[in-house]
Amino acid sequence: MSAATPSNIRNEDLLALQAYVRAADATQYNDVHKDTVILDLTHSNLRQRHAETRFDLHDTLDTLRAKIHQKTGTPPVFQHLQFYRGRGPAGAAGNTHELPFLEIPPGIDDDRMLGYYSLMHGITVHCVDLDEHSASRGGQYEDVSLVEKYQMSDEEYNKRKGTLRDWARKEKDRDATFSLAKHAREHRELMDARRLMKEGLPLPPGFEVDASTGDVVRVQPEPESSVTSKKSEEKKDNINAPGPESVEGVEVGMRCEVSPGGRRGSVAFVGEVPEIGVGGYWVGVVFDEPVGKTDGTVRGGKRYFDAPSSNRGGFVQGKNIQVGDFPERDIFDELDSDSEDEL
């Protein structure tokens with residue numbers, strides 16, 4: 001793979017980015033002291049590149065070898081040094097054709113200063129590890145796939161205290177209806193309610209501001225008798241069968257969101273379903289998650305559409321469905337429903 005140059009880059013944004021990054025290339029060493037040289041260090045067994053390592057021109061070759069030993073683990077007695085004016089054999093482009101302009105075997109000229117070699121900024125010093133038993137061979141220093149991963153059995157994890165599973169188990173003992181999904185949902189609802197309060201917007205049903213603390217809290221559900229009374233009133237309002245106008249604009253194949261709970265899915269049926277309640281026009285939905293009550297059939301076994309399982313489909317009144325751009329989302333975003341307007 002060749003290096004990216006203006007001649008082979010066609011994207012204007014990438015060219016602009018390249019120009020920005022390279023803008024100071026010609027002057028990047030202007031502020032470096034005249035006795036300092038900046039070198040890149042690479043290694044024959046390692047992918048790592050130690051870029052822009054600073055040395056004093058009065059440092060000896062032994063100092064350079066000590067720095068390489070510190071960064072790569074190869075002792076000086078096994079370091080065969082190669083000097084390149086480019087990126088060397090460990091370059092990002094995999095260039096193996098560049099030849100070194102200088103090679104120094106181990107034990108040679110160790111007391112000679114770096115300034116003797118007339119080294120320039122940006123030169124790559126490549127260390128060839130001559131140790132046949134080097135610990136850096138075979139990816140031992142960099143290949144994480146060679147590291148044995150710790151694994152814990154379910155039995156051992158179940159015995160541990162203070163874990164997520166242990167906490168969930170205690171919550172389940174305290175509240176039989178508890179589940180991690182329910183907890184995540186309720187926590188998200190609380191965070192949303194707090195956000196609305198900060199924005200000065202009305203709180204959603206089921207939340208209020210605690211007068212003593214000023215914080216948003218979840219209020220207790222209404223008594224069962226009150227809920228039953230409300231459902232009775234809703235049933236009275238729904239005596240009339242929903243007409244075709246209630247499903248106007250809804251077509252098979254559309255994405256949709258169903259209330260209550262913001263459950264999402266795709267429209268699979270639109271039409272009359274006399275077997276449900278007072279009959280009328282209904283919308284058959286295949287939900288993205290198992291939050292439905294049917295597989296597309298009604299009482300008596302008549303099938304109106306196909307859903308993957310008995311809890312992936314639902315018949316919904318038109319007033320409870322909104323069609324549009326509703327992509328799939330995580331199951332934790334779904335809420336439970338016992339609506340009388342849905343089967």
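Trainee: Is Glu 52 buried, partly exposed or exposed?
Mentor: In this predicted model, Glu 52 is partly exposed, with a relative accessible area of 49%. The cut-off for exposed is over 50%.

Trainee: Where does Glu 52 lie, and what is the value of its phi?
Mentor: Glu 52 lies in strand E2. Its phi is near 50 degrees, a positive value in a residue other than glycine. Most residues other than glycine have a negative phi.

Trainee: Let us step back. How many helices and strands are there in the protein chain?
Mentor: The protein chain has 6 helices and 12 strands. Of its 343 residues, 31% are buried. Its accessible surface comes to about 21900 Å², and carbon and sulfur atoms account for 51% of that.

Trainee: In what order do the strands of the open sheet come?
Mentor: The 5 strands of this open sheet follow the order E2-E1-E5-E3-E4, with mixed pairing. Strand E2 (50-56) and strand E4 (102-104) are the edge strands, each pairing on one side only. On average, neighbouring strands of the sheet are turned by 30 degrees against each other, direction ignored.

Trainee: Which helix packs on that sheet?
Mentor: Helix H2 (residues 61-72) packs on the sheet and touches strand E1 (36-43), E2, E3, E4 and E5. The direction of H2 makes about 105 degrees with that of E3.

Trainee: How many bridges join E3 to E5?
Mentor: Strand E3 (residues 79-84) and strand E5 (residues 124-129) run antiparallel and are joined by 6 bridges. In this pairing, His 80 stands opposite Val 128 in E5.

Trainee: New topic: how many bridges join E8 to E9?
Mentor: Strand E8 (residues 255-258) is joined to strand E9 (residues 263-272) by 4 bridges, and the two run antiparallel. Arg 255 stands opposite Ser 266 in E9. The hairpin of E8 and E9 has 4 residues between the strands, and Gly 261 takes a positive phi near 100 degrees there.

Trainee: Is the peptide bond from Ser 259 to Pro 260 cis or trans?
Mentor: That bond is cis, with omega near 0 degrees. Pro 260 lies in the loop between E8 and E9. Most peptide bonds are trans.

Trainee: Which residues point which way from E11?
Mentor: From strand E11 (residues 313-316), Gly 313 and Phe 315 point one way, while Gly 314 and Val 316 point the other way; all are buried. In a regular strand, side chains alternate between the two faces of the sheet.

Trainee: Which residue does Arg 255 form a salt bridge with?
Mentor: Arg 255 forms a salt bridge with Asp 288, and the closest N and O atoms are 2.7 Å apart. The pair links distant parts of the chain, with Arg 255 in strand E8 and Asp 288 in the loop between E10 and E11, 33 residues apart. Arg 255 is partly exposed at 21% relative accessibility, whereas Asp 288 is buried at 13%.

Trainee: How many salt bridges does a search of the whole structure find?
Mentor: The search finds 17 salt bridges. One of them joins Arg 169 and Asp 166, with the closest N and O atoms 3.5 Å apart. These residues are 3 residues apart in helix H4 (residues 164-174), so they are separated by about one helical turn. Asp 166, Arg 169 and Lys 170 are linked in a network of salt bridges.

Trainee: Lastly, which residues form the nonpolar patch on the surface?
Mentor: Leu 14, Leu 17, Tyr 20 and Val 21 form the patch, with about 470 Å² of accessible area together. Leu 17 is in helix H1 (residues 12-21) and is partly exposed, with a relative accessible area of 49%.

Methods. Residues numbered from 1 in each chain as written. Predicted model: local features only at pLDDT ≥ 70, side-chain atom pairs only at ≥ 80, totals over all residues. Heavy atoms only, no water. Pairing = 2+ DSSP bridges. Axes fitted to C-alpha atoms, helices over the stretch in contact; angles between N-to-C directions. Contact = heavy atoms within 4.5 Å. Buried < 20%, exposed > 50% of the residue type's maximum accessible area, 1.4 Å probe, protein only. Patch = residues over 30% accessible without salt bridge, like charges linked within 9 Å, V, L, I, M, F, W, Y side chains within 5 Å. Areas by Shrake-Rupley, 256 points an atom, 1.4 Å probe, with all protein chains shown as cover. Salt bridge = Lys/Arg side-chain N within 4 Å of Asp/Glu carboxyl O.
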